[in-house]
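Please read the points below alongside the coordinates. They cover one chain and one of its residues.

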Amino acid sequence: MSARLIWRKSLNVTMLSLTGLCALLTVSALFFILGYLMWNGGKDLSWNFFTRLPAPVGELGGGMANAILGSLKLLLLAALIGVPIGLLGGVYLAEFGGRTVPFLVRYTADLLNGVPSIVIGIFAYALVVMPMHHFSTLAGGFALGIMVIPTVLRNTESFLRDVPSSLREGSFALGANKWRMVATVVLPAASRGILTGVLLALARVAGETAPLIFTAFGNRYWSPGWMQPTSSLPVIIYTYATGPYEDWHRQAWAAGLVLLGLVLVTNILVRTFLSGGTSFERS
Amino acid sequence: MATTPNAAAPADLAWNPRALLRRMRGADEIAHLITLIAAATLLLITVLLVYQLWVLSAEARTKFGWSFFVTKTWDPVAGDFGALPFIYGTLVTSFVALALAVPLGVGGAIFLAELAPPKLSSSLTFVSDLLAAVPSVIYGLLGVFLLVPIMRTTVQPALKNTLGFLPLFQGPAYGIGFLTAGIVLAIMIVPFVLSVSREVLLAVARDQREAALALGATKWESTWKVVVPAARIGIFGSVFLALARALGETMAVTMVVGNNPKIAASLFSPGYSIAAVLANEFSEATGNLYLSALIELGLVLFLLTFVLNGLARLLILVTTARGSGVLPT
């Protein structure tokens with residue numbers, strides 16, 4: 001073998017192993033993060049964590065029940081605001097749209113999807129907090145809802161497009177009109193994929209902190225109704241992690257573990273069990 | 001809808017076909033209208049978003065004009081606001097992140113697209129997608145308690161000893177600062193570079209690879225000299241996409257960047273970013289001018305990410321469309 005060939009072959013092996021190392025480093029980050037959070041947060045998870053209010057500053061113990069409930073309420077609002085608009089908008093793009101309007105909507109959806117979440121927070125602040133003159137669960141849910149719309153819309157559209165046209169034609173042949181065809185044939189056929197999109201979008205906003213800081217704000221107590229500021233898991237992790245108390249730090253780890261666990265479990269379950277998309281094979 | 005369509009329709013049709021036809025058309029039109037309204041809501045929200053940012057930043061825009069972007073002072077008490085330290089910090093942290101994430105992400109993508117067996121490739125992509133789903137506040141948490149101490153005691157002194165002659169690696173090692181924020185950001189954007197680059201690499205036609213190999217190229221040569229150049233526009237797209245994300249990333253940066261509106265050449269220096277100042281000061285902003293200056297920062301951030309995202313999408317579209325156009329089917 002000439003020296004040139006040896007050089008080329010060894011370069012081949014070196015560079016290819018380096019790419020393997022890059023891939024390995026990237027994926028191992030996830031396991032490292034998960035392991036480190038379990039190590040640090042696992043020991044502070046207790047029954048009290050899920051059922052108690054935060055203890056007054058300086059006292060040990062206490063929990064995050066209000067933050068967990070607050071996060072659930074925010075997610076519910078986000079789903080109520082974001083899912084209908086996203087779903088119906090997706091139906092429009094896939095079933096009713098012409099040419100120019102869908103292009104515009106699609107482009108805007110991608111644009112809105114890329115807007116930094118903190119800017120969405122400013123928007124919710126201007127639209128909900130400023131007229132009401134105080135922070136509220138409603139404002140936080142509104143911000144998260146806006147972030148849900150583009151994902152659900154684009155996802156719904158793409159899964160509806162995967163439904164084979166023979167199904168549409170069959171339904172027309174049976175005498176159904178268009179809205180009935182969409183509602184009883186096409187939507188059910190794409191329902192698994194659409195549900196996947198909705199759940200992934202909600203899992204994504206569940207971890208959003210930035211748009212909540214000046215909309216839902218925070219609260220050391222329960223937040224009755226929808227018009228009061230509320231605590232939420234991501235914001236309390238931020239507050240506790242940047243706070244001065246050792247006990248807060250320990251609780252931030254525990255809350256981080258809970259949040260990460262929720263997000264990852266949702267992602268894994270949805271992606272493994274629902275990822276079939278439509279119940280039909282792509283042609 | 002309790003009745004099935006084919007059970008109800010024939011009976012009605014026999015009764016009065018023309019009226020039914022009209023009614024059906026009417027129902028279609030209502031459905032069309034409702035879905036159109038939903039789609040239009042999205043447009044409305046976006047227009048309203050831009051409008052609000054524009055109108056609410058009016059006070060700062062008229063008072064400071066273009067000098068807002070070149071002024072270094074940020075003094076809420078005196079009512080003197082300049083965006084330069086925040087823009088600087090945002091760009092520096094993002095470019096540090098890119099410098100680390102692009103080689104890692106593109107390298108990983110090459111492995112997943114060219115070398116790994118399909119099963120391994122898809123399961124590793126799955127893990128990388130999960131990594132992209134980790135909330136940013138979790139990265140911040142790890143950044144504050146794990147990365148900052150390591151940076152202070154180990155990484156920054158080591159950099160200072162070896163590369164200390166560069167102005168980038170000088171000054172006291174606080175742990176927090178541009179470099180730490182950039183590293184956290186890098187970990188956050190790697191999954192985006194990886195998965196998009198993998199997709200554009202996979203879109204390169206198979207016969208390109210085979211032709212290179214048939215000419216006697218090694219696997220690496222066919223990848224590096226044929227496949228990667230063919231996919232380079234799409235890879236640039238993935239980089240822009242990642243950059244747009246890094247610019248707007250808030251929590252992780254806020255927690256480790258140091259929150260000090262200062263412009264320094266050293267990466268060890270604490271700094272600030274646009275998103276971080278919004279997160280820290282927005283809820284406490286007193287006075288209309290202060291709030292309006294913050295909202296103008298939000299507008300800047302919006303425009304930056306808007307341009308980058310548009311560009312990225314265009315580039316990715318160009319590559320995947322061209323690639324799949326020549327794919328054998």
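Which residues does A:Thr19 touch, not counting residues up to four places away in sequence?

1. A:Thr19 touches B:Gly107, B:Gly108, B:Ile110, B:Phe111, B:Leu115 and B:Trp220; contact means heavy atoms within 4.5 Å. The model is predicted, with local features needing pLDDT of at least 70, side-chain atom pairs counting only at pLDDT 80 or more, and totals for chains, interfaces and linings using all residues. Residues are numbered from 1 along each chain as written, chains are lettered from A and ligands numbered from 1 in the order written, and side-chain values use heavy atoms, without hydrogens or water.

2. A:Thr19 lies in helix 1 of chain A, residues 3-41. At 4% relative accessibility the residue counts as buried (under 20% relative accessible area, 1.4 Å probe, protein chains only). The A:Thr19 side chain reaches the backbone oxygen of A:Leu16 at 2.6 Å.

3. Chain A has 12 helices and zero strands (DSSP runs: H or I of at least four residues for helices, E of at least two for strands). The radius of gyration of chain A is 24 Å, well over the 19 Å that the globule rule gives for 283 residues, so the chain is more spread out than a compact globule. That radius is taken over C-alpha atoms, and the rule is 2.2 Å times the number of residues to the power 0.38. Along the principal axes, the C-alpha atoms fill a box of roughly 75 × 70 × 35 Å.

4. Of the 283 residues of chain A, 54% count as buried. Among contacts in chain A with a separation of 6 or more, 75% come from residues 24 or more positions apart.

Key:
Buried < 20%, exposed > 50% of the residue type's maximum accessible area, 1.4 Å probe, protein only. Polar contact = N/O pair within 3.5 Å; in protein donor to acceptor, adjacent residues only side chain to side chain.
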